[in-house]
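Open the model in your viewer and keep the sequence beside it. The tour below goes from one selection to the next and says what is there.

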Amino acid sequence: MKQHKEFQYIYNKGKNAHSSSVVLFYLNANGAKKVGFTASKKVGNAVIRNRSKRRFRALFSEYSSFLNDGTYVFVAKTALKETSYLSLKNDFKKVLTKVGALGND
């Protein structure tokens with residue numbers, strides 16, 4: 001996902017779940033998985049924002065085989081830059097479970 005209107009549609013119509021370091025917006029759809037990652041300037045400079053999105057991509061690829069089809073938008077919170085990998089992984093799984101996106105885990 002790259003277009004602003006796609007992100008806005010998911011923000012308005014999808015389910016959301018918050019944790020200490022990540023926010024997930026999810027909209028169920030049949031056919032394929034689409035994903036977008038965002039980090040605002042509040043998170044930090046470009047290096048930190050890009051690192052945040054790389055961490056999200058790695059976790060998404062780890063969980064993608066267990067996820068239902070749909071559109072996912074992951075938003076980084078400012079606490080993400082100090083979060084360890086293990087606690088980020090727990091937060092990631094927690095938000096996926098809250099919105100009902102984990103299929104056969």
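Start by selecting lysine 15, which stands opposite tyrosine 26 in strand 2. Strands here are DSSP runs of E with at least two residues, helices are DSSP runs of H or I with at least four residues, and both are numbered from the N terminus. The model is predicted, so local features need pLDDT of at least 70 and side-chain atom pairs count only at pLDDT 80 or more, while totals for chains, interfaces and linings use all residues. Residues are numbered from 1 along each chain as its sequence is written, and side-chain values use heavy atoms, with hydrogens and water left out.

**The sheet**

Now show strand 1 and strand 2 together: they pair in the antiparallel sense over 4 bridges. Two strands count as paired if DSSP finds at least two bridges between them. Next, select strand 3 (residues 33-38) and strand 4 (residues 70-76), a pair in the parallel sense over 6 bridges. Within this pair, lysine 33 stands opposite glycine 70 in strand 4.

In what order do the 4 strands stand in the open sheet? The order is 1-2-4-3, and the pairing is mixed. Strand 1 (15-18) and strand 3 are at the edges with a single partner strand each, so one side of each has no neighbour in the sheet. On average, neighbouring strands of this sheet are turned by 15° against each other, direction ignored.

**The helices**

Select helix 1 (residues 4-13), which packs on the sheet and touches strand 1, strand 2, strand 3 and strand 4. Contact means heavy atoms within 4.5 Å. The direction of helix 1 makes about 90° with that of strand 2. Axes are lines fitted to C-alpha atoms, for helices over the stretch in contact, and angles run from 0 to 180 degrees between N-to-C directions. Then pick helix 3, which lies across strand 1, strand 2 and strand 4 and runs at about 35° to strand 2.

**Aromatic rings**

Show the rings next; the structure holds 13 aromatic pairs. Rings of Phe, Tyr and Trp (its six-membered ring) pair if their centres lie within 6.5 Å; planes under 30 degrees apart count as stacked, over 60 as edge-to-face and the rest as tilted.

Zoom in on phenylalanine 37 and phenylalanine 56, whose ring centres are 6.3 Å apart and whose planes are at 20°, so the pair is stacked. Phenylalanine 37 is in strand 3 and phenylalanine 56 in helix 2, so the pair ties together parts 19 residues apart in sequence. Is phenylalanine 56 buried or exposed? Phenylalanine 56 is buried, with a relative accessible area of 0%, and phenylalanine 37 is buried at 16%. Buried means under 20% relative accessible area, exposed over 50% and partly exposed in between (1.4 Å probe, protein chains only).

Move to phenylalanine 74 and phenylalanine 92: their ring centres are 4.7 Å apart and their planes at 15°, so this pair is stacked. Phenylalanine 74 is in strand 4 and phenylalanine 92 in helix 3 (residues 85-98), 18 residues apart. Select Tyr26, Phe37, Phe56, Phe60, Tyr63, Tyr72, Phe74 and Phe92 to see one aromatic cluster.

**The cores**

The largest nonpolar core has 23 residues, and those with the most contacts inside it include Leu24, Leu67 and Leu96. A nonpolar core is a set of buried Ala, Val, Leu, Ile, Met, Phe, Trp, Tyr and Cys residues joined through side-chain atoms within 4.5 Å. At least two residues of this core come from each of strand 2 (22-28), helix 2, strand 4 and helix 3. Another core, of 6 residues, lies apart from it, with Phe7, Ile10, Val73 and Val75 among them.

**Last stops**

Select threonine 71 in strand 4; this residue is buried, with a relative accessible area of 10%. Then go to glutamate 82, in the loop between strand 4 and helix 3, which counts as exposed at 63% relative accessibility. Finish at asparagine 30, in the loop between strand 2 and strand 3. Asparagine 30 counts as exposed at 77% relative accessibility. From asparagine 30 to glycine 70 the distance is 6.4 Å, C-alpha to C-alpha, and they are 40 residues apart in sequence.
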